[in-house]
Amino acid sequence: MNNNQHIYNRFLENIKTRREADELKEEAVLLKKGLYEDEGRAYESYLKTRVRAWVAGEISEVFSQEGVNKAEFLQGLLDKLAGLKAVRLVIAFEPSQEQLSRFVSFIKGAAGQDTIVDLTYEPHIIGGAIIVYQGKYKDVSFKKIFEYQFEKEREKLLSLLDKEK
Amino acid sequence: MQEPTFIYLGLLIIASLTLLLIGVLVLYLRLIRRYLNLREGGRAELDSQTLLANAQKKSQEILEEAHKKASEIVERSEKFLQAQEGKVAKELEKASKTYANYFQDALRRVEQEASETLKNVPEEIKKVYATEIVNIRTTLDAQLSKAREDSRQIVLEAYQKAEAEVENYKKKRLSQIDDSIIIILQEVARRVLSREINQEEHERLVMKALQEAKREHVFEEDNKQ
């Protein structure tokens, strides 16, 4: 199990977002199902045709070792995926992969390796981010500051408009 | 012992027969008598026709007598009737004249009384009407004034209410317009800012937000806090 834990971590290193975690979960479910279909021959077919290359590579490497129970391993992976914690991150732009990696790296460093990011693109927040994690909510977006400042300066703005008239 | 019985029976039979014989003889004698009577009645038939004629004559006389008397009675009664008719007519005429006079007198009296009453009525009515008219006029004037005042008040209140509503509506609309202006300004500013912030600046802002969240222990488990 400790070895498997190490291997699971290798999978998790490649999982940054909720979407990626869901994809890996679907692939693991499919492969596990394949072990019991057509006397196990379906598993090989799925591995070649329905699973991403890096996942297939990792799985093949693991299953090539002796004494590995494939079904148990896949179930363990599914359990691991189910136990992941998600940080909801709302940002105002669509980041590149590198930028996303940096965000995820920071979050995993702060919240633990068993953490993924549930990313939402919301241009209305203008800039900064809104972070939600395990019932805690933190709004560090421009939108909040923006609205606050506008409300504060509302009368001034309106009087400026009146002067313009 | 049986011989006396037979003797008694025989005697009884003989007695019975004797009685029977006597009865028959009596009946025979009666029959003879009737026969003789009838024979005598036939001889009297000849006298009955004379009697009948006499009776007819007599009845005729009686009838004529009755007829005569009846005629006399009828004549007398006709005369009586005529005499009485005249009397009745006179009496009727007399009575009708009397009643007519009586009714005329009564009518005249009633007419006089009515005309006197009618002469007085207008004056009294005039007085009553005049008083009533004055009362009604006073009441109407008061009610009209009240109605005028009420309607003026109602109009005034309605106007004030409408004015207040217009003012409220104006304030509300102006406030809505101000809100709309602010929203538009916000949107414009947001769009401008969004365009002005590049990818690097966005990343920097997100990292700053994550650091602030970390500083405020957002990423820590609840049991660790």
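Of the 225 residues of chain B, 6% count as buried, where buried means under 20% relative accessible area, exposed over 50% and partly exposed in between, with a 1.4 Å probe and protein chains only. The model is predicted, so local features need pLDDT of at least 70 and side-chain atom pairs count only at pLDDT 80 or more, while totals for chains, interfaces and linings use all residues. Residues are numbered from 1 along each chain as its sequence is written, chains are lettered from A and ligands numbered from 1 in the order in which they are written, and side-chain values use heavy atoms, with hydrogens and water left out. Chain B has two helices and zero strands; helices (H or I, at least four residues) and strands (E, at least two) are DSSP runs numbered from the N terminus. Chain B exposes about 20,300 Å², and carbon and sulfur atoms supply 61% of this area (Shrake-Rupley method, 1.4 Å probe; for residues, only the protein chains shown count as cover).

In chain A, 42% of the 165 residues count as buried. Eight helices and four strands are present in chain A, in the order α-α-α-α-α-β-α-β-β-β-α-α from the N terminus on. Of the contacts in chain A (heavy atoms within 4.5 Å) between residues at least 6 apart in sequence, 65% join residues at least 24 apart.

A:Gln99 is found in helix H6 of chain A and is buried, with a relative accessible area of 6%. A polar atom of the A:Gln99 side chain lies 2.9 Å from the backbone nitrogen of A:Ser96. Residues up to four places away in sequence not counted, A:Gln99 touches A:Phe93 and, in chain B, B:Gln199, B:Glu200 and B:Glu203.

The largest pocket holds about 180 Å³ of space. A pocket is an open set of points on a 1 Å grid over the protein atoms alone, where a 1.4 Å probe fits, with protein on both sides within 12 Å along at least five of seven lines; lining residues have an atom within 4 Å of a point. Its volume is the space filled by probe spheres set on the points, which are joined across faces, edges and corners. The lining includes A:Arg18, A:Ser96, A:Gln97 and A:Asp118. Helix H2 (18–34), helix H6 (97–111) and strand S2 (115–121) of chain A each give two or more residues to this lining. By class, the lining has four nonpolar, three polar and four charged residues (Ala, Val, Leu, Ile, Met, Phe, Trp, Tyr, Cys and Pro count as nonpolar, Asp, Glu, Lys and Arg as charged, and the others, Gly among them, as polar).

Terms used. A polar contact is a pair of N or O atoms within 3.5 Å; within protein, one must be able to donate a hydrogen and the other to accept it, and residues adjacent in sequence count only if both atoms are side-chain atoms.
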